[in-house]
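Q: I am new to this structure. Can you show me how to read its domains and its cores?

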Amino acid sequence: MINFTYHNPVKIVFGKGMIAKLAHLVPAGSKVMLAYGGGSIKKNGVYEQVCAALQGFEVVEFGGIEANPRYATCMEAAAKIKAAGVNFILAVGGGSVLDGAKFIAVAARFEDGDPWQVMEGKVPVTAALPLGCVLTLPATGSEMNCVSVVSRDDTGEKLAFSSGHVFPLFSILDPETTFSLPLRQVKNGIVDPFVHVMEQYVCRADNTPLQARQAEAILLTLLEEGPKVLADPENYAVRANLMWCATAALNNLLGCGVEAQDWSTHMIGHELTILYGLDHAQTLAVIMPLLYQHQIQRKQGRLAQCAERIWGVTTGTQREKAEQAIQKMKEFFEAVGVSTSLTSYGVNVEEAATKAAANLAKRGAKLGEYGDIGAEEVAAIIRSAQ
Ligand code: NZQ
Ligand code: ZN
(Lines give C-alpha, C1' and ligand atoms only; values in the text may rest on other atoms or scores of the structure.)
(Ligands and ions follow the chains in the order given, each with its own letter.)
Protein backbone atom coordinates (compact mmCIF):
# COMPACT_ATOMS: atom_id res chain seq x y z
CA MET A 1 0.00 0.00 0.00
CA ILE A 2 1.38 3.43 -0.87
CA ASN A 3 1.28 6.31 1.61
CA PHE A 4 -1.84 8.44 1.59
CA THR A 5 -3.70 11.25 3.34
CA TYR A 6 -7.46 11.00 3.35
CA HIS A 7 -9.60 13.94 4.32
CA ASN A 8 -13.19 14.34 3.24
CA PRO A 9 -14.97 17.24 4.93
CA VAL A 10 -18.38 16.89 3.22
CA LYS A 11 -21.28 16.56 5.62
CA ILE A 12 -23.78 14.10 4.13
CA VAL A 13 -27.40 14.57 5.14
CA PHE A 14 -29.31 11.57 3.80
CA GLY A 15 -32.97 10.62 3.54
CA LYS A 16 -36.50 11.74 2.77
CA GLY A 17 -37.55 15.10 4.12
CA MET A 18 -33.98 16.18 4.71
CA ILE A 19 -34.14 19.22 2.40
CA ALA A 20 -35.81 21.05 5.28
CA LYS A 21 -32.46 20.84 7.12
CA LEU A 22 -31.07 23.44 4.72
CA ALA A 23 -32.17 26.17 7.07
CA HIS A 24 -29.51 25.00 9.55
CA LEU A 25 -26.87 23.86 7.07
CA VAL A 26 -26.43 27.09 5.11
CA PRO A 27 -24.24 29.41 7.19
CA ALA A 28 -26.37 31.99 9.00
CA GLY A 29 -26.57 35.38 7.30
CA SER A 30 -25.41 34.07 3.90
CA LYS A 31 -26.49 35.71 0.68
CA VAL A 32 -27.20 32.59 -1.36
CA MET A 33 -27.01 31.91 -5.07
CA LEU A 34 -29.52 29.14 -5.80
CA ALA A 35 -27.95 27.49 -8.85
CA TYR A 36 -29.93 24.97 -10.87
CA GLY A 37 -30.25 23.40 -14.30
CA GLY A 38 -32.83 23.37 -17.04
CA GLY A 39 -35.87 23.38 -14.79
CA SER A 40 -36.46 19.82 -13.55
CA ILE A 41 -36.46 21.11 -9.96
CA LYS A 42 -39.46 23.29 -10.75
CA LYS A 43 -41.50 20.26 -11.88
CA ASN A 44 -40.78 17.77 -9.09
CA GLY A 45 -41.33 19.84 -5.98
CA VAL A 46 -37.65 20.21 -5.09
CA TYR A 47 -37.60 23.94 -5.84
CA GLU A 48 -40.53 24.56 -3.47
CA GLN A 49 -38.88 22.54 -0.70
CA VAL A 50 -35.61 24.45 -1.14
CA CYS A 51 -37.33 27.84 -1.18
CA ALA A 52 -39.32 26.98 1.93
CA ALA A 53 -36.13 25.98 3.74
CA LEU A 54 -34.31 29.11 2.61
CA GLN A 55 -36.85 31.55 3.99
CA GLY A 56 -34.87 33.99 6.07
CA PHE A 57 -31.95 34.00 3.63
CA GLU A 58 -31.47 36.49 0.84
CA VAL A 59 -31.50 34.40 -2.36
CA VAL A 60 -30.33 35.18 -5.89
CA GLU A 61 -31.42 32.61 -8.48
CA PHE A 62 -29.32 31.36 -11.35
CA GLY A 63 -30.98 28.75 -13.58
CA GLY A 64 -29.95 27.25 -16.90
CA ILE A 65 -26.77 25.35 -16.07
CA GLU A 66 -26.64 22.80 -18.86
CA ALA A 67 -26.05 19.06 -18.71
CA ASN A 68 -22.27 18.95 -19.22
CA PRO A 69 -22.00 22.51 -17.88
CA ARG A 70 -20.68 25.22 -20.12
CA TYR A 71 -17.85 27.60 -19.29
CA ALA A 72 -19.74 30.62 -20.69
CA THR A 73 -22.77 29.93 -18.47
CA CYS A 74 -20.56 29.53 -15.41
CA MET A 75 -18.81 32.81 -16.15
CA GLU A 76 -22.21 34.53 -16.35
CA ALA A 77 -23.08 33.15 -12.92
CA ALA A 78 -19.72 34.28 -11.50
CA ALA A 79 -20.35 37.80 -12.78
CA LYS A 80 -23.79 37.78 -11.16
CA ILE A 81 -22.26 36.68 -7.86
CA LYS A 82 -19.76 39.52 -7.92
CA ALA A 83 -22.42 42.08 -8.85
CA ALA A 84 -24.88 40.91 -6.18
CA GLY A 85 -22.40 40.26 -3.38
CA VAL A 86 -23.37 36.59 -3.03
CA ASN A 87 -21.23 34.68 -0.51
CA PHE A 88 -22.65 31.12 -0.67
CA ILE A 89 -23.68 28.89 -3.60
CA LEU A 90 -26.37 26.24 -3.23
CA ALA A 91 -26.31 23.83 -6.17
CA VAL A 92 -29.63 22.03 -6.66
CA GLY A 93 -29.55 19.35 -9.36
CA GLY A 94 -27.37 16.62 -10.84
CA GLY A 95 -23.62 16.38 -11.26
CA SER A 96 -23.62 19.06 -13.95
CA VAL A 97 -25.20 21.72 -11.74
CA LEU A 98 -22.84 20.85 -8.92
CA ASP A 99 -19.74 20.74 -11.14
CA GLY A 100 -20.81 24.06 -12.64
CA ALA A 101 -21.24 25.50 -9.14
CA LYS A 102 -17.74 24.34 -8.16
CA PHE A 103 -16.23 26.16 -11.14
CA ILE A 104 -18.43 29.21 -10.49
CA ALA A 105 -17.19 29.23 -6.88
CA VAL A 106 -13.61 29.42 -8.13
CA ALA A 107 -14.34 31.91 -10.92
CA ALA A 108 -16.14 34.27 -8.53
CA ARG A 109 -12.97 34.53 -6.42
CA PHE A 110 -10.44 34.42 -9.27
CA GLU A 111 -8.36 37.58 -9.53
CA ASP A 112 -5.73 36.64 -12.05
CA GLY A 113 -7.12 36.59 -15.60
CA ASP A 114 -9.23 33.81 -17.06
CA PRO A 115 -10.23 31.10 -14.55
CA TRP A 116 -10.17 28.56 -17.39
CA GLN A 117 -6.44 28.40 -16.61
CA VAL A 118 -7.47 26.33 -13.60
CA MET A 119 -9.10 23.77 -15.89
CA GLU A 120 -5.97 23.68 -18.02
CA GLY A 121 -3.92 22.94 -14.92
CA LYS A 122 -1.86 26.10 -15.44
CA VAL A 123 -2.65 27.75 -12.10
CA PRO A 124 -3.69 26.27 -8.76
CA VAL A 125 -6.95 27.17 -7.05
CA THR A 126 -6.23 29.42 -4.09
CA ALA A 127 -9.77 30.43 -3.10
CA ALA A 128 -13.41 29.61 -3.76
CA LEU A 129 -16.79 30.64 -2.41
CA PRO A 130 -18.25 28.06 -0.03
CA LEU A 131 -20.95 25.87 -1.54
CA GLY A 132 -23.55 23.27 -0.60
CA CYS A 133 -25.63 20.83 -2.60
CA VAL A 134 -29.07 19.29 -2.88
CA LEU A 135 -28.47 16.33 -5.18
CA THR A 136 -31.24 15.16 -7.51
CA LEU A 137 -29.36 12.69 -9.71
CA PRO A 138 -27.12 10.04 -8.16
CA ALA A 139 -24.32 9.17 -10.59
CA THR A 140 -21.17 11.27 -10.53
CA GLY A 141 -20.17 11.30 -6.86
CA SER A 142 -19.55 15.04 -7.21
CA GLU A 143 -21.58 15.57 -4.03
CA MET A 144 -18.76 14.11 -1.93
CA ASN A 145 -15.64 14.95 -3.90
CA CYS A 146 -13.69 18.00 -4.98
CA VAL A 147 -13.72 17.42 -8.74
CA SER A 148 -15.50 19.47 -11.38
CA VAL A 149 -15.82 18.85 -15.11
CA VAL A 150 -16.69 21.78 -17.39
CA SER A 151 -16.99 22.04 -21.18
CA ARG A 152 -15.99 24.92 -23.39
CA ASP A 153 -17.61 25.31 -26.81
CA ASP A 154 -15.17 27.73 -28.43
CA THR A 155 -12.16 25.47 -27.80
CA GLY A 156 -13.96 22.11 -28.00
CA GLU A 157 -12.61 21.05 -24.60
CA LYS A 158 -14.16 19.13 -21.72
CA LEU A 159 -11.72 19.36 -18.83
CA ALA A 160 -11.64 18.58 -15.12
CA PHE A 161 -10.04 20.21 -12.12
CA SER A 162 -9.73 19.11 -8.55
CA SER A 163 -9.21 21.29 -5.48
CA GLY A 164 -9.84 20.95 -1.77
CA HIS A 165 -11.40 24.43 -1.94
CA VAL A 166 -14.48 23.08 -3.74
CA PHE A 167 -15.56 20.26 -1.46
CA PRO A 168 -19.23 21.03 -0.73
CA LEU A 169 -19.77 22.05 2.88
CA PHE A 170 -22.72 19.66 2.89
CA SER A 171 -24.73 17.55 0.46
CA ILE A 172 -28.36 16.65 1.01
CA LEU A 173 -29.26 13.31 -0.56
CA ASP A 174 -33.00 12.72 -0.55
CA PRO A 175 -33.78 9.61 -2.63
CA GLU A 176 -37.34 10.86 -3.19
CA THR A 177 -35.94 13.60 -5.46
CA THR A 178 -34.87 10.85 -7.88
CA PHE A 179 -38.39 9.53 -8.54
CA SER A 180 -38.84 12.12 -11.28
CA LEU A 181 -35.68 11.16 -13.19
CA PRO A 182 -36.17 10.20 -16.82
CA LEU A 183 -35.38 6.50 -17.34
CA ARG A 184 -32.30 7.37 -19.38
CA GLN A 185 -30.78 9.19 -16.40
CA VAL A 186 -31.67 6.35 -14.03
CA LYS A 187 -29.74 4.00 -16.32
CA ASN A 188 -26.82 6.42 -16.53
CA GLY A 189 -26.82 6.50 -12.74
CA ILE A 190 -26.12 2.76 -12.62
CA VAL A 191 -23.31 2.73 -15.19
CA ASP A 192 -21.36 5.82 -14.07
CA PRO A 193 -20.73 4.63 -10.48
CA PHE A 194 -19.96 1.11 -11.74
CA VAL A 195 -17.22 2.57 -13.96
CA HIS A 196 -15.91 4.87 -11.20
CA VAL A 197 -15.33 1.81 -9.03
CA MET A 198 -13.69 -0.16 -11.84
CA GLU A 199 -11.27 2.68 -12.58
CA GLN A 200 -10.03 2.53 -9.00
CA TYR A 201 -10.09 -1.28 -8.84
CA VAL A 202 -8.89 -2.68 -12.18
CA CYS A 203 -5.49 -1.04 -12.02
CA ARG A 204 -2.04 -1.39 -10.50
CA ALA A 205 -2.95 -2.18 -6.92
CA ASP A 206 -0.48 -4.17 -4.92
CA ASN A 207 -1.71 -5.77 -1.74
CA THR A 208 -4.72 -3.57 -1.01
CA PRO A 209 -7.29 -6.25 -0.18
CA LEU A 210 -9.57 -4.01 1.90
CA GLN A 211 -9.88 -1.47 -0.92
CA ALA A 212 -10.57 -4.31 -3.35
CA ARG A 213 -13.36 -5.67 -1.19
CA GLN A 214 -14.82 -2.21 -0.66
CA ALA A 215 -14.89 -1.85 -4.45
CA GLU A 216 -16.45 -5.28 -4.89
CA ALA A 217 -19.13 -4.43 -2.31
CA ILE A 218 -20.25 -1.47 -4.40
CA LEU A 219 -20.10 -3.41 -7.67
CA LEU A 220 -22.16 -6.27 -6.25
CA THR A 221 -24.72 -3.85 -4.81
CA LEU A 222 -25.05 -2.09 -8.16
CA LEU A 223 -25.54 -5.48 -9.84
CA GLU A 224 -28.36 -6.27 -7.43
CA GLU A 225 -30.07 -2.89 -7.17
CA GLY A 226 -29.65 -1.69 -10.78
CA PRO A 227 -32.15 -4.10 -12.33
CA LYS A 228 -34.50 -3.58 -9.35
CA VAL A 229 -34.84 0.15 -9.96
CA LEU A 230 -35.81 -0.50 -13.58
CA ALA A 231 -38.42 -3.08 -12.56
CA ASP A 232 -39.74 -1.12 -9.58
CA PRO A 233 -38.95 2.58 -10.04
CA GLU A 234 -41.15 3.71 -7.14
CA ASN A 235 -39.23 1.65 -4.59
CA TYR A 236 -37.68 4.08 -2.09
CA ALA A 237 -35.29 1.54 -0.57
CA VAL A 238 -33.80 0.73 -3.96
CA ARG A 239 -33.45 4.43 -4.83
CA ALA A 240 -31.73 5.01 -1.49
CA ASN A 241 -29.30 2.12 -2.03
CA LEU A 242 -28.37 3.36 -5.49
CA MET A 243 -27.90 6.90 -4.25
CA TRP A 244 -25.50 5.82 -1.53
CA CYS A 245 -23.63 3.53 -3.97
CA ALA A 246 -23.05 6.45 -6.33
CA THR A 247 -21.67 8.61 -3.54
CA ALA A 248 -19.45 5.85 -2.15
CA ALA A 249 -18.12 5.07 -5.63
CA LEU A 250 -16.33 8.39 -5.95
CA ASN A 251 -15.65 9.92 -2.56
CA ASN A 252 -12.02 8.84 -2.97
CA LEU A 253 -12.08 6.24 -0.21
CA LEU A 254 -11.61 3.30 -2.59
CA GLY A 255 -8.49 4.77 -4.12
CA CYS A 256 -6.66 5.28 -0.81
CA GLY A 257 -3.29 3.57 -0.88
CA VAL A 258 -3.89 2.09 -4.33
CA GLU A 259 -0.71 2.42 -6.34
CA ALA A 260 -2.08 3.92 -9.54
CA GLN A 261 -5.64 4.42 -10.70
CA ASP A 262 -6.68 4.26 -14.32
CA TRP A 263 -9.07 7.02 -15.42
CA SER A 264 -8.48 6.58 -19.14
CA THR A 265 -12.08 5.46 -19.82
CA HIS A 266 -13.28 8.78 -18.41
CA MET A 267 -10.73 10.83 -20.30
CA ILE A 268 -11.59 9.21 -23.64
CA GLY A 269 -15.30 9.37 -22.80
CA HIS A 270 -15.12 13.12 -22.19
CA GLU A 271 -13.82 13.54 -25.74
CA LEU A 272 -16.83 11.64 -27.14
CA THR A 273 -19.20 13.86 -25.17
CA ILE A 274 -17.65 17.09 -26.38
CA LEU A 275 -17.50 15.81 -29.99
CA TYR A 276 -20.89 14.13 -30.26
CA GLY A 277 -22.97 15.11 -27.21
CA LEU A 278 -23.29 11.56 -25.86
CA ASP A 279 -24.31 11.35 -22.20
CA HIS A 280 -21.33 10.86 -19.90
CA ALA A 281 -22.38 7.33 -18.90
CA GLN A 282 -23.04 6.31 -22.51
CA THR A 283 -19.43 7.10 -23.40
CA LEU A 284 -18.22 5.00 -20.48
CA ALA A 285 -20.34 2.00 -21.47
CA VAL A 286 -18.78 2.12 -24.93
CA ILE A 287 -15.16 2.73 -23.97
CA MET A 288 -14.53 0.64 -20.84
CA PRO A 289 -14.93 -2.80 -22.49
CA LEU A 290 -12.82 -1.71 -25.48
CA LEU A 291 -10.10 -0.29 -23.25
CA TYR A 292 -9.94 -3.44 -21.12
CA GLN A 293 -9.73 -5.60 -24.23
CA HIS A 294 -6.86 -3.44 -25.47
CA GLN A 295 -5.08 -3.58 -22.09
CA ILE A 296 -5.98 -7.19 -21.26
CA GLN A 297 -2.42 -8.42 -21.05
CA ARG A 298 -1.63 -6.05 -18.17
CA LYS A 299 -5.03 -6.04 -16.53
CA GLN A 300 -5.85 -9.73 -16.65
CA GLY A 301 -5.00 -10.42 -13.01
CA ARG A 302 -7.49 -7.94 -11.62
CA LEU A 303 -10.05 -8.71 -14.32
CA ALA A 304 -9.86 -12.41 -13.47
CA GLN A 305 -10.39 -11.56 -9.78
CA CYS A 306 -13.37 -9.48 -10.84
CA ALA A 307 -14.71 -12.42 -12.87
CA GLU A 308 -14.45 -14.70 -9.86
CA ARG A 309 -15.75 -12.40 -7.15
CA ILE A 310 -18.31 -10.32 -9.05
CA TRP A 311 -19.55 -12.61 -11.77
CA GLY A 312 -19.00 -15.99 -10.12
CA VAL A 313 -16.77 -17.36 -12.89
CA THR A 314 -14.96 -20.42 -11.54
CA THR A 315 -13.44 -22.10 -14.58
CA GLY A 316 -10.87 -21.19 -17.22
CA THR A 317 -7.38 -19.75 -17.35
CA GLN A 318 -6.66 -16.30 -15.98
CA ARG A 319 -6.91 -14.90 -19.49
CA GLU A 320 -10.22 -16.65 -20.13
CA LYS A 321 -11.63 -15.35 -16.85
CA ALA A 322 -10.51 -11.82 -17.76
CA GLU A 323 -12.29 -12.14 -21.11
CA GLN A 324 -15.40 -13.29 -19.23
CA ALA A 325 -15.23 -10.28 -16.91
CA ILE A 326 -15.23 -7.91 -19.89
CA GLN A 327 -18.06 -9.78 -21.60
CA LYS A 328 -20.22 -9.90 -18.46
CA MET A 329 -19.67 -6.21 -17.75
CA LYS A 330 -20.79 -5.42 -21.29
CA GLU A 331 -23.87 -7.57 -20.86
CA PHE A 332 -24.67 -5.78 -17.60
CA PHE A 333 -24.48 -2.34 -19.24
CA GLU A 334 -26.75 -3.57 -22.02
CA ALA A 335 -29.13 -5.21 -19.52
CA VAL A 336 -29.62 -1.93 -17.66
CA GLY A 337 -30.27 -0.23 -20.97
CA VAL A 338 -27.05 1.63 -21.82
CA SER A 339 -25.77 0.60 -25.24
CA THR A 340 -22.11 -0.36 -25.58
CA SER A 341 -22.17 0.14 -29.35
CA LEU A 342 -20.74 3.45 -30.58
CA THR A 343 -22.59 3.26 -33.89
CA SER A 344 -25.89 2.85 -32.05
CA TYR A 345 -25.47 6.50 -31.00
CA GLY A 346 -25.11 7.53 -34.65
CA VAL A 347 -21.35 8.09 -34.39
CA ASN A 348 -18.92 7.32 -37.21
CA VAL A 349 -16.24 5.15 -35.61
CA GLU A 350 -13.34 6.17 -37.83
CA GLU A 351 -14.09 9.88 -37.46
CA ALA A 352 -14.45 9.56 -33.68
CA ALA A 353 -11.13 7.71 -33.44
CA THR A 354 -9.30 10.36 -35.46
CA LYS A 355 -10.85 13.38 -33.75
CA ALA A 356 -10.68 12.15 -30.15
CA ALA A 357 -7.06 11.05 -30.59
CA ALA A 358 -6.16 14.42 -32.14
CA ASN A 359 -7.76 16.31 -29.22
CA LEU A 360 -5.88 14.26 -26.66
CA ALA A 361 -2.63 14.57 -28.64
CA LYS A 362 -2.99 18.37 -28.62
CA ARG A 363 -2.88 18.27 -24.83
CA GLY A 364 -0.10 15.69 -24.77
CA ALA A 365 -2.33 13.33 -22.83
CA LYS A 366 -0.76 10.09 -21.63
CA LEU A 367 -3.45 8.02 -19.98
CA GLY A 368 -3.75 4.88 -17.87
CA GLU A 369 -2.02 3.69 -14.73
CA TYR A 370 1.25 3.39 -16.64
CA GLY A 371 0.85 6.79 -18.34
CA ASP A 372 1.46 5.26 -21.74
CA ILE A 373 -1.92 5.30 -23.48
CA GLY A 374 -1.30 8.04 -26.00
CA ALA A 375 -3.12 9.26 -29.10
CA GLU A 376 -2.20 6.22 -31.17
CA GLU A 377 -3.56 3.82 -28.56
CA VAL A 378 -6.72 5.90 -28.07
CA ALA A 379 -7.35 5.81 -31.82
CA ALA A 380 -6.89 2.02 -31.83
CA ILE A 381 -9.23 1.60 -28.86
CA ILE A 382 -12.01 3.65 -30.47
CA ARG A 383 -11.45 1.96 -33.85
CA SER A 384 -12.26 -1.38 -32.24
CA ALA A 385 -15.78 -0.09 -31.50
CA GLN A 386 -18.86 -1.35 -33.27
O1 NZQ B 1 -31.02 20.43 -15.92
P2 NZQ B 1 -32.21 19.82 -15.28
O3 NZQ B 1 -33.49 20.37 -15.75
O4 NZQ B 1 -32.12 19.74 -13.78
O5 NZQ B 1 -32.28 18.29 -15.84
C6 NZQ B 1 -31.26 17.34 -15.63
C7 NZQ B 1 -30.43 17.06 -16.89
O8 NZQ B 1 -31.16 17.30 -18.04
C9 NZQ B 1 -31.92 16.01 -15.37
N10 NZQ B 1 -32.26 15.80 -13.95
C11 NZQ B 1 -31.42 15.86 -12.88
N12 NZQ B 1 -32.10 15.52 -11.76
C13 NZQ B 1 -33.39 15.28 -12.13
C14 NZQ B 1 -33.49 15.47 -13.52
N15 NZQ B 1 -34.65 15.31 -14.20
C16 NZQ B 1 -35.72 14.94 -13.48
N17 NZQ B 1 -35.70 14.71 -12.15
C18 NZQ B 1 -34.55 14.85 -11.44
N19 NZQ B 1 -34.51 14.56 -10.15
O20 NZQ B 1 -30.95 15.05 -15.75
C21 NZQ B 1 -30.18 15.56 -16.86
C22 NZQ B 1 -28.74 15.19 -16.67
O23 NZQ B 1 -28.21 15.83 -15.53
P24 NZQ B 1 -26.64 15.93 -15.29
O25 NZQ B 1 -26.43 16.70 -14.05
O26 NZQ B 1 -25.96 16.39 -16.53
O27 NZQ B 1 -26.21 14.40 -15.10
P28 NZQ B 1 -25.07 13.76 -14.25
O29 NZQ B 1 -25.37 13.86 -12.79
O30 NZQ B 1 -24.87 12.43 -14.81
O31 NZQ B 1 -23.78 14.68 -14.50
C32 NZQ B 1 -22.96 14.51 -15.63
C33 NZQ B 1 -21.79 15.47 -15.58
O34 NZQ B 1 -20.91 15.17 -14.47
C35 NZQ B 1 -19.57 15.01 -14.94
C36 NZQ B 1 -19.78 14.50 -16.33
O37 NZQ B 1 -18.64 14.61 -17.12
C38 NZQ B 1 -20.93 15.36 -16.82
O39 NZQ B 1 -20.45 16.63 -17.22
N40 NZQ B 1 -18.80 14.17 -14.02
C41 NZQ B 1 -18.41 14.71 -12.84
C42 NZQ B 1 -17.64 14.01 -11.94
C43 NZQ B 1 -17.23 14.59 -10.66
N44 NZQ B 1 -17.49 15.86 -10.41
O45 NZQ B 1 -16.62 13.92 -9.83
C46 NZQ B 1 -17.18 12.66 -12.22
C47 NZQ B 1 -17.99 12.01 -13.27
O48 NZQ B 1 -17.28 10.93 -13.72
C49 NZQ B 1 -18.33 12.89 -14.42
O50 NZQ B 1 -17.23 13.06 -15.27
ZN1 ZN C 1 -18.14 9.38 -14.41
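A: Start with a term. A salt bridge is a side-chain nitrogen of Lys or Arg within 4 Å of a carboxyl oxygen of Asp or Glu. Keep in mind that this is a predicted model.

Q: How many salt bridges are there between domain 1 and domain 2?

A: The count is 0. Polar contacts do occur: 3 residue pairs link domain 1 and domain 2 in this way, both residues at pLDDT 80 or more.

Q: What do domain 1 and domain 2 bury between them?

A: About 2,000 Å², with 67% of it on carbon and sulfur atoms. On the domain 1 side, strand E1 (11-14), strand E6 (147-152) and strand E7 (157-162) each supply at least two of the residues that touch domain 2. In total, 26 residues of domain 1 are in contact with 21 residues of domain 2.

Q: Now the cores. What is the general idea?

A: In soluble globular proteins, nonpolar side chains tend to be buried together. Here the largest nonpolar core has 65 residues. Phe 194, Trp 311 and Tyr 292 are among those with the most contacts inside it. Helix H11 (residues 280-294) gives the largest share of this core, 9 residues. Apart from this core lies another, of 42 residues, including Phe 62 and Val 86.

Q: Which residues does Tyr 292 touch, not counting residues up to four places away in sequence?

A: Met 198, Glu 199, Val 202, Lys 299, Leu 303, Ile 326 and Met 329.

Conventions:
Residues are numbered from 1 along each chain as its sequence is written. Chains are lettered from A and ligands numbered from 1 in the order in which they are written. This is a predicted model: local features need pLDDT of at least 70, side-chain atom pairs count only at pLDDT 80 or more; totals for chains, interfaces and linings use all residues. Side-chain values use heavy atoms; hydrogens and water are left out. A nonpolar core is a set of buried Ala, Val, Leu, Ile, Met, Phe, Trp, Tyr and Cys residues joined through side-chain atoms within 4.5 Å. Buried means under 20% relative accessible area, exposed over 50%, partly exposed in between (1.4 Å probe, protein chains only). Helices (H or I, at least four residues) and strands (E, at least two) are DSSP runs, numbered from the N terminus. Contact means heavy atoms within 4.5 Å. Buried area is the accessible area (1.4 Å probe) that two parts lose on being put together, summed over both. A polar contact is a pair of N or O atoms within 3.5 Å; within protein, one must be able to donate a hydrogen and the other to accept it, and residues adjacent in sequence count only if both atoms are side-chain atoms.
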